[in-house]
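I open my notebook here. I will go place by place and write down what I look up.

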Amino acid sequence: MNDGEVPDIPACGELPAAVGRTGAVDNFSTVSHEPGTVAVVTATPHESLFPATPDSADAVLEGLDPEQRAVATALHGPVCVLAGAGTGKTRAITHRIAYGVRAGILQPSTVLAVTFTARAAGEMRGRLRQLGAGGVQARTFHSAALRQLQYFWPRAIGGEMPRLLERKVQLVAESAARSRIRLDRNELRDVTGEIEWCKVTQTVPEEYAAAAAKAARDVPRDPAEVSRIYAGYEQLKRDRAVIDFEDVLLLTVGVLQDRPDVADTVRAQYQHFVVDEYQDVSPLQQRLLELWLGGRGNLCVVGDASQTIYSFTGATPDFLLGFRGRHPDATVVKLVRDYRSTPQVVALANGLLAQARGQAAAHRLELVSQRESGPEPVYTEYPDEPAEAEGAARRIRELIDAGVRPSEIAVLYRINAQSEVYEQALADAGVPYQLRGAERFFERPEVREAGMLLRGAARAPQDEEPESLPDQVRAVLSSRGWASEPPAGSGAVRDRWESLAALVRLSEDFSAARPDAVLADFVAELDERANAQHAPTVEGVTLASLHAAKGLEWDAVFLVGLTEGTMPITHAKTDEQVEEERRLLYVGVTRARAHLSMSWALSRSPGGRGGRRPSRFLDGLRPGSAPRGARGGRAGGQGGVERGAGGRSRRRGPVLCRVCGRTLSDPGEIKLMRCEDCPSDLDEGLYEQLRSWRMDQARQLGQPAYCVFTDKTLLAIAEVRPSDEQGLAAIPGVGARKLEKFGADVLALCAGEFTESEPPDGESGTPFEDVREPSGDAAKSSAEEAEK
């Protein structure tokens, strides 16, 4: 390392990112003829999984259309790439960096590419490695700042650097308690979010009330209380010598501002900058970027104002939209040809933004689909939320039966609390699913174990005529649960099999791309992917919030819960907040390649009043409706809007508490058939028998226990003690399929007639009681907590 060089500290790794975002489909786009813009009309074929590394700089440019070449060769001066959804922005910027490196114009160690999630940064590093541009730093803002802060701390501040606090919630709760302010779980989350917003907008506690009012924040508590909690939180951090993620940025900014020698060292190291998702930068991140640049113009930014969906965190598209004002000599390239979605999906996306208002809407990009025609988007109205979930699960099963892979299907909702009913419906339909934001692929126990076994096998002596690489991988993984056919069900056993099957598929693709590769080469590839968090695909329908879906794509997307009050969300009160909700729906629409389904329910629970209205954003788009303000009004569900079948034959009346008679609306209370606070007449012995029976059933089916019955359904059964099928069917959570499959056993248990032997010792509770009841709380309770 040269004297003064800023190191790449391997021990630091990537900071935890809020939500993983992978890049868009690698296809390309056109631009309009404006001063400083470039136009193109040709397309580029999709890249293979393991493309050959280009053998020269010119080879990096091969296959790029004229616009992509313009981006790739614009290596000096400010460049702004306005990239619509699905237009191939990740390919554009990675080929730009790779061309500069391979042509000898850029030194890899002098380039810093910055994005917002560890997953996106890891994917960028993986692509650059494939293009022969390894060594380029691709990091999140926080990761890059933390590495610099760790390196310069002894020199700029002295002493030991404070410990990094990974979660704020505990300290925020303690600060509130010290101020004698009682916060419930949701308020605690929201106050924590307010503190994060304050820090990225550089707002101190005493300025919070005025700043929140100016920004029209939907404050979770009295501003004076939030200010006190914020001040107490900061004091607790100082007392305990810890810093949080926002402090990393603030401290790095402070060091670079106060120590010109440190700033000069950083600027000597990094001379060329690329910023992805530039519409999402906060004022604090922009300040850090300006300090890194030090007045130089070697900056390339990429973004789309129509995909600004993180304003609640302090992100603003102003820096993207004002880029040319700050850099009059900038080259501006617009990517508008959409190679991801069919003309039908693109037309809907364009129509959605055509009704938008505000600054971002004035700069919207009109996408032009380059794909063949596909099916029309489907609009479906359901009587209640369970019927909506069952309808989605039924259609998903039809798509899978028609050949669509589960991993190419997603169900997207506004908040994570909506996931529970879809988890249950998919489990009932026997459809595997995965919650977005779950454990990283390479950190799963079975994947870590498989890696160790493969590494050991690679070191072992090989036969004179060794098996093919995929056969060797299959042989190793078969000892840990992989088989050529998947297990039945969709629980933990199936999840483990899917992880191992993903490794087998990856070995097949790797061998096809590199026929001479041996097992050691594949192990090295896995290590590279683990470092880059570049995971193979796991089979299973994705359940995710709309925020978590940013940067991802699927063949089929189900946008659910599209009612007023949910989309836009109730707390979106100002015009700008409503417009951000529209952009969020736009992001959801543009995740779909071919199949797009949009649905809403007229009531929350079966038998409800049915007074809900479809989202205003669908007015003028769904058949038979007109834009708001247009004559003729709304056509309800007519004129092409499909009305979904209820999917349930049992009662449709309101669900009443069987103790006090109050109408129930909370899903958990509906399952219990009583208010949470009403007295319970639980038969504890029956409840334990039901749990033991459920354990045995789950083990036999290879499913998590909640796929048999959830805890609350078992509680309701143990309280009601039904004596016949009609009584059992009246309990929410006991559908026709479960009644047929489990009804006889459950009724026998309730009657005290069940005689099946108990499970063996040691299997009485734990194997399947990671039974995470599929709830929004367990999957993070809001889109805000699941995102940046």
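**Entry 1: a loop residue**

Where is Gln202 found? I looked it up in the predicted model. Gln202 lies in the loop between helix 7 (185-200) and helix 8 (208-214). I checked its backbone next. Gln202 is not a glycine, yet its phi is positive, at about 60 degrees.

**Entry 2: another positive phi**

I then turned to Arg721. Phi of Arg721 is near 50 degrees, and this is a positive value in a residue other than glycine. Arg721 sits in the loop between helix 26 (711-720) and helix 27 (725-729).

**Entry 3: a cis bond**

Which residues does a cis peptide bond join? I found Met567 and Pro568, with omega at about 5 degrees. Pro568 belongs to the loop between strand 15 (554-559) and helix 23.

**Entry 4: the whole protein**

I stepped back for the totals. I noted 29 helices and 17 strands. The protein has 788 residues, and 55% of them count as buried. I also looked at contacts between residues at least 6 apart in sequence. Of these, 78% join residues at least 24 apart.

**Entry 5: helix 3 against helix 4**

Two packed helices are described by the angle between their axes and the distance between the axes. I looked up both for helix 3 (residues 89-102) and helix 4 (residues 118-130). Their axes come within 10 Å and cross at roughly 50 degrees. That angle makes helix 3 oblique to helix 4. The crossing of the two is right-handed.

Which residues of helix 3 and helix 4 meet? On the helix 3 side I wrote down Thr90, Arg91, Ile93, Thr94, Ile97 and Ala98. On the helix 4 side I wrote down Glu123, Met124, Arg127 and Leu128. I sorted this contact by class: 5 residues are nonpolar, 2 are polar and 3 are charged.

**Entry 6: helix 4 by itself**

I stayed with helix 4. Helix 4 has 13 residues. From first C-alpha to last it reaches 18 Å, close to the 18 Å expected at 1.5 Å a residue. How many residues of helix 4 are buried? I got 11 of its 13, so helix 4 is mostly covered. Among the buried ones are Ala118, Gly122, Arg125 and Gln130. Glu123, Met124, Arg127 and Leu128 are buried as well, and these four also meet helix 3. Just after helix 4 comes Gly132, with a positive phi of about 80 degrees.

**Entry 7: helix 6 against helix 7**

Next I took helix 6 (residues 169-178) and helix 7. Their axes come within 10 Å and cross at roughly 100 degrees. Angles of 65 to 115 degrees count as roughly perpendicular. Helix 6 and helix 7 are therefore roughly perpendicular to each other. Helix 6 brings Val169, Val172 and Ala173 to the contact. Helix 7 brings Leu188, Val191, Thr192 and Ile195. By class I noted 6 nonpolar residues, 1 polar and no charged.

**Entry 8: one leucine**

Where is Leu288 found? I placed it in helix 12 (residues 283-293). Its relative accessible area is 0%, so Leu288 is buried. I asked what it touches, leaving out residues up to four places away in sequence. My list is Phe141, Ala145, Leu249, Thr252, Val253 and Leu256.

**Entry 9: helix 15**

I finished with helix 15 (residues 343-354). Helix 15 has 12 residues and reaches 16 Å from its first C-alpha to its last. That is close to the 16 Å expected at 1.5 Å a residue. Why do I call helix 15 largely enclosed by the rest of the structure? Because 9 of its 12 residues are buried. They are Gln344, Val345, Val346, Leu348, Ala349, Asn350, Gly351, Leu352 and Leu353. What covers these buried residues? The cover includes strand 9 (337-338), strand 10 (368-369) and strand 11 (378-382). It also includes helix 23 (575-589) and strand 16 (592-601).

Definitions and conventions. Residues are numbered from 1 along each chain as its sequence is written. This is a predicted model: local features need pLDDT of at least 70, side-chain atom pairs count only at pLDDT 80 or more; totals for chains, interfaces and linings use all residues. Side-chain values use heavy atoms; hydrogens and water are left out. Axes are lines fitted to C-alpha atoms, for helices over the stretch in contact, and angles run from 0 to 180 degrees between N-to-C directions. Angles under 35 degrees count as roughly parallel, over 145 as roughly antiparallel, 65 to 115 as roughly perpendicular and the rest as oblique. A crossing is left-handed if the near helix is turned anticlockwise from the far one by less than a right angle, and right-handed if clockwise. Contact means heavy atoms within 4.5 Å. Ala, Val, Leu, Ile, Met, Phe, Trp, Tyr, Cys and Pro count as nonpolar, Asp, Glu, Lys and Arg as charged, and the others, Gly among them, as polar. The expected span of a helix is 1.5 Å times one less than its number of residues. Buried means under 20% relative accessible area, exposed over 50%, partly exposed in between (1.4 Å probe, protein chains only).
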